[in-house]
Amino acid sequence: VVEWTSDPSGDLLHIYRAYDQVKLNSVAIGEGSFHAADIVVNSDNTYVYITNFVSDTVTAVRLADLNVSTIAVGVNPGGIAITPATAPESAGSYVYVVNKNNEVSVIDADPASAGFNTVIDTITTNTVSGDHLISNSGSYMNGVSFTPDGSKVYVPSKDFNTVGVIDTATRQVIHTIDLAPG
């Protein structure tokens with residue numbers, strides 16, 4: 001078992017052996033990546049994805065050879081999640097990234113796909129469709145989480161005290177959960 005962390009500058013990814021914390025390697029994830037906001041690992045432990053708050057990118061690192069790819073996403077990416085291993089194969093493999101500019105970037109994370117490690121969709125969260133406004137201009141969303149079956153993604157907005165529910169099949173906001181008291 002291996003653990004991953006980024007250094008305080010955010011320009012390096014450190015790889016450690018979990019049972020004794022011995023550093024196995026470090027890899028440059030790009031100058032200007034400062035403020036690595038979040039890290040996820042795919043279900044077969046072959047790729048690590050890191051949001052880079054300042055450079056508006058996600059870094060993908062292939063762990064077999066430490067090959068680094070940089071993927072442009074929205075402004076100030078924060079939270080990141082990948083389709084869970086418990087999801088059926090039909091759910092696909094995607095990385096969802098929440099950005100400060102009221103967008104959720106969807107990255108294809110299937111190595112067999114022609115669109116692998118590219119943004120294949122951008123979900124705008126500040127559009128109103130019934131009661132489905134989950135954020136608005138300048139609002140900050142910094143978390144994202146899948147349901148175990150991969151069918152929905154939950155995106156909280158701290159400015160609105162809401163959690164948006166995104167259908168992963170249609171990539172549309174389908175519901176808003178109001179967390180405001182009263």
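**Aromatic contacts**

Let me start with a charge over a ring, where arginine 171 sits over the face of tyrosine 94, 5.0 Å from the ring centre. Please keep in mind throughout that we are looking at a predicted model.

Turning to rings against rings, how many aromatic pairs does a search of the whole structure find? It finds three. In one of them, tyrosine 47 is stacked with tyrosine 49, the centres being 6.2 Å apart and the planes at 25 degrees to each other, and that angle is called stacked because it falls under 30 degrees. Are these two tyrosines buried or exposed? Tyrosine 47 counts as buried because its relative accessibility is 8%, and tyrosine 49 is buried as well, with a relative accessible area of 1%.

Another pair brings together tyrosine 96 and phenylalanine 146 in an edge-to-face arrangement, with 5.3 Å from centre to centre and 85 degrees between the planes. Where in the chain do these partners lie? Tyrosine 96 belongs to strand β9, residues 94-99, and phenylalanine 146 to strand β12, residues 145-146, so that the pair links distant parts of the chain, 50 residues apart. Tyrosine 96 has a relative accessible area of 1% and is therefore buried, while phenylalanine 146, at 12%, is buried too, because the cut-off for that label is under 20%.

Note on methods: Residues numbered from 1 in each chain as written. Predicted model: local features only at pLDDT ≥ 70, side-chain atom pairs only at ≥ 80, totals over all residues. Heavy atoms only, no water. Phe/Tyr/Trp six-rings, centres within 6.5 Å; stacked < 30°, edge-to-face > 60°. Buried < 20%, exposed > 50% of the residue type's maximum accessible area, 1.4 Å probe, protein only. Helix = DSSP H or I, 4+ residues; strand = E, 2+ residues; numbered from the N terminus. Lys NZ or Arg CZ within 6 Å of the ring centre and 35° of its normal.
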